[in-house]
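Colleague: I have a model here and would like a close look at one part of it. Please keep it brisk and give the cut-offs as you go.

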Amino acid sequence: MTAAAIPAGRGLDAPDDCRRCAPAAGADRAPDPQGATAVPTTFYEQLAAAERARHARLRRLWQMAPEQRVAAMRRGELTLEQLAAWSARHPEQVPMLNGEFEWIAIRMPEVCE
């Protein structure tokens with residue numbers, strides 16, 4: 001097919017062709033009933049959103065006293081993320097077992113025997 005076969009004014013750049021093919025504004029997704037903010041689009045926005053979410057997940061841990069953290073750890077209430085963050089920030093507070101953090105040592109086969 002050559003360019004001459006397309007009637008004048010009816011090419012892909014004709015305005016009515018664009019309107020017919022393009023969805024109406026916002027028609028490609030349903031409205032958000034909860035009014036959530038837009039999804040981060042840049043790498044830095046995604047990084048900032050991930051960091052805010054991490055801080056929110058760890059907030060409860062940092063509100064506890066060291067004794068409460070130890071008790072929660074021994075009850076199995078802390079996530080691996082919380083245990084790792086606690087061990088990194090306050091290694092002196094985490095109980096040790098055979099020279100290793102207790103939460104790691106209890107998972108070792110030689111300690112389980």
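Of the 113 residues of the protein, what percentage count as buried? After that, take me through helix 2 (residues 43-63).

Modeller: This is a predicted model: local features need pLDDT of at least 70, side-chain atom pairs count only at pLDDT 80 or more, and totals for chains, interfaces and linings use all residues. Residues are numbered from 1 along each chain as its sequence is written, and side-chain values use heavy atoms, with hydrogens and water left out.

Your number is 19%. Buried means under 20% relative accessible area, exposed over 50%, and partly exposed in between (1.4 Å probe, protein chains only). The protein has six helices and two strands, in the order α-α-α-α-β-β-α-α along the sequence. These elements are DSSP runs numbered from the N terminus: helices are H or I with at least four residues, strands are E with at least two.

Now helix 2. It has 21 residues and spans 30 Å from first C-alpha to last, close to the 30 Å expected at 1.5 Å a residue. The expected span is 1.5 Å times one less than the number of residues. Helix 2 bends by about 35 degrees at Arg57; the angle is taken between axes fitted to the seven residues ending there and the seven starting there.

Start with Phe43 and Tyr44. Both are exposed, Tyr44 at 64% relative accessible area. The structure holds one aromatic pair. The ring centres of Phe43 and Tyr44 are 5.4 Å apart and their planes lie at 75 degrees, so the pair is edge-to-face. Rings of Phe, Tyr and Trp (its six-membered ring) pair with centres within 6.5 Å; planes under 30 degrees apart are stacked, over 60 edge-to-face, the rest tilted.

With Leu47, these two form a nonpolar surface patch of about 400 Å² accessible area together. Patch residues have over 30% relative accessible area and no salt bridge; nonpolar side chains (Val, Leu, Ile, Met, Phe, Trp, Tyr) are joined within 5 Å, like charges within 9 Å. Areas use the Shrake-Rupley method with a 1.4 Å probe; for residues, only the protein chains shown count as cover.

Next, the charges. Arg54 forms a salt bridge with Glu81, closest N and O atoms 4.0 Å apart. Arg54 lies in helix 2 and Glu81 in helix 4 (residues 80-89), so the pair ties together parts 27 residues apart in sequence. The criterion is a side-chain nitrogen of Lys or Arg within 4 Å of a carboxyl oxygen of Asp or Glu. Arg54 is partly exposed at 31%, and Glu81 is partly exposed at 28%. Arg57, the bend residue, joins Arg54 and Glu81 in a network of salt bridges.
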